[in-house]
Amino acid sequence: MKTMHSRQSGKALFPFIISLLLIFSVYLYLPASQGEQADYSAMATQVSAHTVESQENAIMIEAIGSARANQAIYIKSAQNDYVTNIYFEDGDLVSKGQKLVQLQNQQEQFAVKELSINLQEEKRQLTKLTELSRSQATAKSLLEEQLARVDASEAQLESAKTKLNEMAITAPFSGLLGKREISVGAYVNNSTVITTLDDISIIKVDFKVPEKYLAQLKNGMTVRTQNDAYPDQTFSGKVTHISSRIDSITRSIEVTASFANKSGLLRPGMLLNTALELSSNQALMVPEKAIIPLQDKHYVFQIEDGIAKRIEVHVASRNNGWVAIDKGLTNGEQIVTEGIIKIRSGSKVSVKG
């Protein structure tokens with residue numbers, strides 16, 4: 001019985017001993033912990049910062065556009081005959097009026113020559129009758145008939161010359177030729193594709209804009225575009241056409257922008273990333289990552305004399321990772337961009353770099 005009683009007393013004392021040990025441990029730990037916290041609060045936290053400055057704030061609408069040439073046609077022949085000469089190669093740059101293909105034209109040349117001789121004879125007869133009409137009244141009716149013959153001969157000659165000219169196929173405008181689809185000796189007609197011709201001195205880009213921006217759209221607005229083929233290059237153009245209709249399915253309006261393409265880098269059919277500049281003004285721009293949203297308000301940490309202070313700001317607009325601030329900051333102030341989660345208002349900070 002005595003042994004059992006001593007065991008029970010030991011069990012009763014065990015929780016008491018554990019509690020004493022815990023209290024003793026906490027007593028030993030608290031000074032050290034408080035000291036570490038004191039040392040930590042005395043240290044400056046390293047952060048990255050941005051100096052606020054007034055910059056151009058452009059409001060952009062981004063869209064995907066499709067490029068097309070300023071003018072684009074299939075070169076075909078107006079006449080049917082055999083090809084005798086070809087004066088171009090694949091992909092040549094040609095000027096307006098430059099001869100591209102010559103068709104067999106001996107028959108047309110003979111027709112022009114014959115009609116020219118006939119016209120000369122008709123004119124000679126007209127001159128003779130004109131002199132007779134001055135002295136003979138009966139010659140006046142003959143004179144009128146001869147005038148009609150001269151007019152008819154001139155018309156026939158002009159028609160023959162037109163057909164002769166059409167036997168030589170020329171470029172209707174300056175541009176870039178495509179692949180040659182025919183060879184010397186081939187028989188062509190008005191449905192035969194000889195090649196393509198694209199005027200790429202100006203590239204037009206068609207893209208769609210949501211209808212809610214219709215009231216703000218106007219010709220002359222700046223449009224910037226990029227293509228994956230030239231990732232580091234931006235092309236700048238102007239809005240040249242705004243569609244008169246809104247798509248009833250997508251509720252968007254088609255806009256066309258024109259880009260000067262002197263370098264020839266842009267080509268028809270390209271898929272282009274376009275950005276239409278709706279408006280542009282000067283604003284205090286800060287990186288979006290510096291903004292701290294809390295409920296319906298926004299804050300930043302302002303650095304002054306090595307101390308971070310949280311201040312409220314008003315966000316006017318956002319654009320591609322940047323935020324325009326119209327209230328709460330002034331030009332030249334420094335704000336924290338990285339390390340925000342490690343500090344609070346009143347913390348000492350040091351700026352990296």
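Colleague: How many bridges join strand 3 to strand 5, and how do strands of a sheet pair in general?

Modeller: Strands of a sheet pair through backbone hydrogen bonds, in a parallel or an antiparallel manner. In this predicted model, strand 3 (residues 81-86) and strand 5 (residues 99-103) run antiparallel and are joined by three bridges, where strands are DSSP runs of E of at least two residues, numbered from the N terminus, and two strands pair if DSSP finds at least two bridges between them. Ile-86 has Val-101 in strand 5 as its bridge partner. Because the model is predicted, local features need pLDDT of at least 70 and side-chain atom pairs count only at pLDDT 80 or more, whereas totals for chains, interfaces and linings use all residues. Residues are numbered from 1 along each chain as its sequence is written, and side-chain values use heavy atoms, with hydrogens and water left out.

Colleague: Which strands stand at the edges of the sheet?

Modeller: The open sheet has four strands in the order 6-5-3-8, with antiparallel pairing. Strand 6 (168-170) and strand 8 (187-188) stand at its edges, each with a single partner strand, so one side of each is left without a neighbour in the sheet.

Colleague: Is Leu-329 buried or exposed?

Modeller: Buried means under 20% relative accessible area, exposed over 50%, and partly exposed in between, with a 1.4 Å probe and protein chains only. Leu-329 has a relative accessible area of 8% and is therefore buried, although Leu-329 is found in the loop between strand 17 (322-327) and strand 18 (334-338). Leaving out residues up to four places away in sequence, Leu-329 touches (heavy atoms within 4.5 Å) several residues, including Val-52, Leu-284 and Val-313.
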